[in-house]
Amino acid sequence: MIKRKIVLLGATGSIGTQALEVVRAHPNRFEMQVLTAATNAELLIQQALEFRPQAVVITDEGKYAEVKAALTGTSIEVLAGSAALEEVVQYDGVGLVISALVGSAGLRPTIAAIKAGKDIALANKETLVVGGQLVMELVSKHGVNLLPVDSEHSAIFQCLVGESNNPIERVYLTASGGPFRGKDRAYLASVSHEQALCHPNWVMGAKITIDSATLMNKGLEVIEAKWLFGLEARQIDVVVHPQSAVHSLVQFEDGSIKAQLGPADMRLPIQYALTYPNRVGNNFKRFNFADFPSLTFEQPDTDTFRNLALAYRALELGGNVPCILNAANEEVVAAFLKGGVGFLQMSDIIEETMATVGHIAKPSLDDYLRTDRESRAIAKALVIKNKTYII
Ligand code: NAD
Ligand code: MG
């Protein structure tokens with residue numbers, strides 16, 4: 001079997017390390033061509049010594065010397081800086097790029113990979129939130145596959161196999177509800193980032209875990225679903241399903257609904273993106289119905305968790321507004337993780353940023369990058385203003 005060569009952007013993260021577990025489980029199928037990380041030099045070095053890629057990238061240039069020294073004497077090339085991500089995705093022989101870095105930093109390397117004709121396994125939902133219209137135009141222009149890794153979108157993708165001529169009436173994205181499901185605003189006013197980081201069902205990176213607590217993660221996923229499956233906002237519903245067993249559902253024009261179920265294990269959607277259209281055996285833990293005597297479904301509380309409503313508003317407004325929403329969100333989440341802003345203020349700052357930054361109906365890549373910068377600056381200033389106000 002010819003091995004598929006993989007570039008893994010964000011190798012040291014939650015998705016990155018699980019992608020490497022999938023590769024480890026199938027040594028005859030895959031080979032790591034490039035591994036990248038932002039700052040975790042120690043883990044990147046360890047991964048490089050195990051997987052022996054052609055190159056590694058450490059985007060934090062201050063860590064270059066450490067990685068270079070550790071890999072001296074091997075044939076592994078060491079690159080530094082964010083621009084290198086756009087280079088390595090274009091290497092000859094690359095069969096798949098797994099985009100598993102976090103935030104809008106994923107946009108440029110993903111676009112570079114698509115333009116070079118590489119298939120993408122996309123975990124980095126922010127790329128589609130920020131530049132969905134542009135990214136999808138490039139995907140069709142260059143004829144590449146964009147395979148979802150996000151569990152909900154993988155579920156929808158799996159439900160659509162064999163349905164190519166059958167239009168989707170509606171999709172239902174399931175949401176666990178996060179650690180604060182059922183809580184009111186009075187309770188949320190004083191929750192800490194430590195409490196928000198305790199997700200009931202999934203162990204993930206810090207940013208997406210906070211997004212799950214605020215329901216922004218589901219809002220980003222609604223926008224991601226629009227672009228991946230060509231849907232209108234009114235065709236995308238969110239249903240809270242605290243057991244995280246049903247990963248999402250598709251309703252067709254005859255009223256029939258297909259759902260995809262399985263263990264809450266990201267290695268499954270990662271593996272499906274890597275082996276699509278085939279399913280390949282593994283020894284990952286199986287679903288046990290005895291653990292789930294009941295599966296429940298309820299409406300999300302968007303009055304309390306306003307971020308989901310803000311994401312729908314951004315989707316309706318279109319253009320660069322989802323980019324504004326995303327950039328402001330990245331800033332408030334970073335501030336919340338440092339204790340610099342309260343849980344409920346995150347939505348207020350995102351809303352104010354969306355009202356302040358100029359809207360552009362059909363943005364170019366430069367417009368997106370400018371909007372991202374400007375929105376971050378405004379959200380940051382609002383965080384500081386808020387802090388002063390609290391004191
Ligand atoms: P993480 O924080 O655990 O890992 C992020 C990775 O990206 C790390 O390797 C880090 O070094 C790298 N990185 C971070 N910022 C970077 C930057 N500015 N430039 C270059 N590299 C950078 O995050 P994660 O939880 O693995 O999530 C990754 C992406 O996958 C996110 O977009 C997230 O929404 C999505 N996702 C994650 C999960 C999950 O279970 N963790 C599930 C669904 C979707
Ligand atoms: Mg998800």
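**Exercise 1. At what angle do helix α10 and helix α11 pack, and how far apart are their axes?**

Solution. Work on the predicted model above.

Step 1. Locate the helices. Helix α10 covers residues 206–214, and helix α11 covers residues 216–229.

Step 2. Read the geometry. The angle is about 95°, and the axes lie 5 Å apart.

Step 3. Classify the angle. Values from 65 to 115 degrees count as roughly perpendicular. α10 and α11 therefore stand roughly perpendicular to each other.

Step 4. List the contact residues. α10 contributes Ile208, Asp211, Ser212 and Thr214. These meet Met216, Asn217 and Leu220 of α11.

Step 5. Sort them by class. The contact of α10 with α11 has three nonpolar, three polar and one charged residues.

**Exercise 2. Describe the shell around ligand 1: its nearest residues, its classes and its sources.**

Solution. 

Step 1. Start with the nearest. There are 28 residues around ligand 1, and Gly10, Gly13, Ala38, Met204 and Gly205 come nearest.

Step 2. Sort the shell by class. It holds 13 nonpolar, 11 polar and four charged residues.

Step 3. Assign helices. α1 (14–25), α6 (125–142) and α10 each supply at least two residues of the shell. The largest share, three residues, comes from α1.

Step 4. Assign domains. Domain 1 (4–149) and domain 2 (154–265 + 289–390) each give the shell at least three residues.

**Exercise 3. How many residues does each domain bring to the contact between domain 1 and domain 2?**

Solution. 

Step 1. The protein chain is divided into domain 1 (4–149) and domain 2 (154–265 + 289–390).

Step 2. Taken over C-alpha atoms, they are 24 Å apart.

Step 3. Count each side. Domain 1 brings 18 residues to the contact, and domain 2 brings 21 residues.

Step 4. Find the elements on the side of domain 1 that touches domain 2. Those giving two or more residues are α5 (107–115) and α6. α6 gives the most, with nine residues.

Step 5. Sort this side of domain 1 by class. The residues divide into 10 nonpolar, six polar and two charged.

**Exercise 4. Where does UniProt place the feature "binding site", and why do these residues count as gathered at one spot?**

Solution. 

Step 1. Consult the record. The unreviewed UniProt entry places "binding site" at Asp150, Glu152 and Glu221.

Step 2. Compare sequence with space. The residues span 72 residues in sequence, yet no two of their C-alpha atoms are more than 8.4 Å apart, so they gather at one spot.

Step 3. Asp150 sits in the loop between β7 (146–148) and α7 (151–159).

Note on methods
Residues numbered from 1 in each chain as written. Chains lettered and ligands numbered in written order. Predicted model: local features only at pLDDT ≥ 70, side-chain atom pairs only at ≥ 80, totals over all residues. Axes fitted to C-alpha atoms, helices over the stretch in contact; angles between N-to-C directions. Helix = DSSP H or I, 4+ residues; strand = E, 2+ residues; numbered from the N terminus. Parallel < 35°, antiparallel > 145°, perpendicular 65-115°, else oblique. Contact = placed C-beta atoms within 7 Å. Nonpolar A, V, L, I, M, F, W, Y, C, P; charged D, E, K, R; others polar. Near = placed C-beta within 6 Å. Domains from an automatic or database assignment. UniProt positions renumbered as here; feature names shortened; annotations may be inferred.
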